[in-house]
There are 2 protein chains.
Amino acid sequence: MNERAVRPAVRGNSNDHVRRHNLSTILGLVHHGRGMSRSQLTQAMGLNRSTIAALVTELVDRDLVREEDAESTFQVGRPSPMVRPSSTPVGLALNPEIDAITLGVVGLGGEVLTTVRHSLTAPPTAEQAVEITAGMIESLQPALGSAHRITGIGVAVPGLVRERDGLVRLAPHLNWHDEPFAKMLQVATGVPVRAANDARLGGRAESAFGGGRGLRDMIYFNGSPSGIGGGIITGGSPLAGADGYAGELGHTMVNPYGMACHCGAVGCLETEVRRDRLLEVTGLGAEDAAGLATALTASSDAMVEAEVGRQLGYLGVALRNTINLLNPQLIVLGGFLADLMDADPSRLGNLGSNRPLAASRQSVDIRPAELGADLLMIGGAELAFESLIADPAAF
Amino acid sequence: MNERAVRPAVRGNSNDHVRRHNLSTILGLVHHGRGMSRSQLTQAMGLNRSTIAALVTELVDRDLVREEDAESTFQVGRPSPMVRPSSTPVGLALNPEIDAITLGVVGLGGEVLTTVRHSLTAPPTAEQAVEITAGMIESLQPALGSAHRITGIGVAVPGLVRERDGLVRLAPHLNWHDEPFAKMLQVATGVPVRAANDARLGGRAESAFGGGRGLRDMIYFNGSPSGIGGGIITGGSPLAGADGYAGELGHTMVNPYGMACHCGAVGCLETEVRRDRLLEVTGLGAEDAAGLATALTASSDAMVEAEVGRQLGYLGVALRNTINLLNPQLIVLGGFLADLMDADPSRLGNLGSNRPLAASRQSVDIRPAELGADLLMIGGAELAFESLIADPAAF
DNA sequence: TCAATATGTTGCCAACGCAACCAAATTGCC
DNA sequence: GGCAATTTGGTTGCGTTGGCAACATATTGA
């Protein structure tokens, strides 16, 4: 709650601010809870019943939430109507990758309505990605019809993104350097665009709708074919850092005698813990990656066991460091890191020679991710909904 | 139904909260800025002049701030009076150590008014520390007189502290285990007590009044005789983690083939980067520690150079990890880590094989601490003032 | 049937911050 | 020295918001 001198604490009419804050809080609760009864809202916010009623009515009028008949709660008393997200506002989530561009239509409440995948034969330039995306949105328009309203586009970029303005500083696999992607796409589509690192958005998705629901301090580790990234949630909100680059868990030093990383340093987590090596030792191809988890647990091969042990050891170092540094309640492992954990669940449970401080260790749980393929769509939509939820009355 | 008794996770906002928030913001600005003119407050907060006037008047009536004649600004227009922290409210800062207990009286604005040091021949038990502290406060009372009012006590503990309730989980050098120190001291003195890790409080002090003034994302590394700790500020407020244990930078893994740490892990930063080794190679005793900086820079001894290089290398690993993880604007080195940096300033400037990601590296500055001996007194007082600043009208 | 727990609606009150006005104080130009 | 321009302080009345109380109503379970 500490306001800093550098930024105005309050702007404009503060009566408006109260209203805005309350509308925002209700919409946020309904969005992240996928629906709450009025009495739950009243309790959660500590406001008067009549105040909640007035606020909910305004959100209904603005077509941002709708009220449904009460669910049977088997409780004494008059049932409280459910307040659910309206299906009218939708956020678009975009994920440009080397072999495809994926676009999702996501409703409030984090429900993925549609996903469209545009396959590519070569990594797209930023210009191509903008053009293709604009076309995909164009072709979605009839399906969306007038029943939906697009609130924004959230782009999950496999690279470093300056979140302030959506400048892609570096996306090595796409070979993008300093591309003002958010601005380009906004000009092309006329829709507000925000962009962020993909793993960071995955973390937001797991925090909002996955294993981190309701937790204030969690860390998401994402293992992708091209490396390891992460997203940190502290105090209930995503940790961005000065420019939005925070969460680069893949570049934690785990082996001083390890290989040089493409980032210029030595012994980074992502040079030691790699999906391709796991596929290699299990004899799988990149196209069989879905079977990696079963292959790892089923295997009794010594080579496989050794590689799994080696990688889990390095992962443990990174876990220990982050637990000591951030004292999270939960660590969520996504992508192939979840497969790796499944291959020897006890190993990460007691971190052996990588013991975090006992007190911090006691309060943390390490679990695989709950959200699956839709992770980045949900995370991207969080970005797309952000300004709507921050100020529902402005829409 | 009395909702105010409970503290729900998400709170709504009401008119009362607006007032409280605005009073709090003004008092926080005046405290951290050590005084601001009314017009500056108006600009910083974006509120109406008359509103600021009413708020400042209330704070003056409550004897939390005072108004002084305007300073000459050489600007056209009617001069705006300076709003400065009142000298009435004082926070007490306590720092129990193995060889002494230090108690400070600190005014709003972070001004250390008095410091009393009680030397010890043996590390105190928690009970002894409480007793001694109560006596020290008692003997301070006449000096304080009725002109000052104690708002609280903030304890800087060399160990792990659960910030929620001030339980000292482990203070190895004091040999305290699970001591409810804050509660004990509160019962003994009748004054609200909060406790936190010493390095975390050092970070808050540097953030509020040192090199981190006005920055939203910074990290403080503290090198003490007994180890390395740290404090993290993100988004303008201290990062606590689930229980307040966040910031244990001393237990970052920097050398997998290093020594076993007392924490149970191997190769922690604080087992490799140690003040006692620096004193040893420079031929200094523990009592000459103040001369360490000059000894290190003056020395041309190869042994010294090698040890400095070795320790800077390991420190670099920890810096790289935290920069990649948290993308701070500033890293402040305190204690003997500042001496270490001074011995070879260029070394940490370009981190060599410990290169953080270029984008994150560009936005970070690495500097020695600005605050000296009063660091923990100022940091402790921040804790003591916290509830006052959060709700000035309650006092 | 009654008690308990909800919601809906209405009217009133207190509090907040703002706009508008006038007064005051300082700088800079003539 | 005088005057305009500029900036801020002081005071008052206004609009908005949320809290609260009171009463009617809906639903469940004993």
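# Helix packing in chain B

The crossing of α2(B) and α3(B) is right-handed, where a crossing is called left-handed if the near helix is turned anticlockwise from the far one by less than a right angle, and right-handed if clockwise. This is a predicted model, in which local features need pLDDT of at least 70 and side-chain atom pairs count only at pLDDT 80 or more, while totals for chains, interfaces and linings use all residues. Residues are numbered from 1 along each chain as its sequence is written, and chains are lettered from A and ligands numbered from 1 in the order in which they are written. The axes of α2(B) and helix α3 (residues 49–61) of chain B are 9 Å apart and the helices pack at an angle of about 115°; axes are lines fitted to C-alpha atoms, for helices over the stretch in contact, and angles run from 0 to 180 degrees between N-to-C directions. Helices (H or I, at least four residues) and strands (E, at least two) are DSSP runs, numbered from the N terminus. On the α2(B) side the residues are R38(B), L41(B), T42(B) and M45(B), and they meet R49(B), I52(B) and V56(B) in α3(B), two residues being in contact if their C-beta atoms, placed from the backbone, lie within 7 Å. This contact of α2(B) with α3(B) holds 4 nonpolar, 1 polar and 2 charged residues, with Ala, Val, Leu, Ile, Met, Phe, Trp, Tyr, Cys and Pro counted as nonpolar, Asp, Glu, Lys and Arg as charged, and the others, Gly among them, as polar.

A second pair in chain B is formed by helix α4 (residues 126–144) and helix α5 (residues 181–189), whose axes are 10 Å apart and which pack at an angle of about 40°, with α4(B) passing α5(B) in a right-handed crossing. Here A126(B), V130(B), T133(B), A134(B) and I137(B) of α4(B) meet F181(B), M184(B), L185(B), A188(B) and T189(B) of α5(B), and the residues of this contact divide into 8 nonpolar, 2 polar and no charged.

# The corresponding pair and the domains of chain A

In chain A, the axes of helix α4 (residues 126–144) and helix α5 (residues 181–189) come within 10 Å and cross at roughly 40°, and the crossing of α4(A) past α5(A) is right-handed. The residues in contact are A126(A), V130(A), T133(A), A134(A) and I137(A) of α4(A), together with F181(A), M184(A), L185(A), A188(A) and T189(A) of α5(A); by class they are 8 nonpolar, 2 polar and no charged residues.

Chain A is assigned domain 1 (14–85), domain 2 (89–201 + 375–394) and domain 3 (214–368), the bounds coming from an automatic or database domain assignment. Taken over C-alpha atoms, the centres of domain 1 and domain 3 of chain A are separated by 39 Å.

# Symmetry and the interface

Chain B is superposed on chain A by a rotation of 180° with 0.0 Å of shift along its axis, at an RMSD of 0.1 Å, the superposition being by least squares on the C-alpha atoms of residues with pLDDT of at least 70 in both copies. That is the relation of a two-fold axis.

Across the interface, 63 residues of chain B are in contact with 61 residues of chain A. On the side of chain B that touches chain A, the elements giving two or more residues are α1 (15–33), α2 (38–45), β9 (167–171), α10 and α13 (358–362) of chain B, and the largest share, 8 residues, comes from α1(B). That side of chain B has 26 nonpolar, 28 polar and 9 charged residues. Because 84% of the interface residues of chain B are also interface residues in chain A, the copies meet through the same surface.

# Individual residues

I323(B) lies in helix α10 (residues 302–326) of chain B and counts as buried, with 27 C-beta neighbours inside 10 Å; a residue is buried if 20 or more other C-beta atoms lie within 10 Å of its own, exposed if 12 or fewer, and partly exposed in between, with C-beta atoms placed from the backbone. Not counting residues up to four places away in sequence, I323(B) touches P328(B), P356(B), S360(B), R361(B) and V364(B). The C-alpha atoms of I323(B) and S360(B) are separated by 6.6 Å, although the two residues are 37 residues apart along the chain.

R34(B) is placed in the loop between α1 and β1 (36–37) of chain B, and D63(B) in the loop between α3 and β2 (65–68) of chain B. R34(B) is partly exposed, with 13 other C-beta atoms within 10 Å, and D63(B) counts as partly exposed with 13 C-beta neighbours inside 10 Å.
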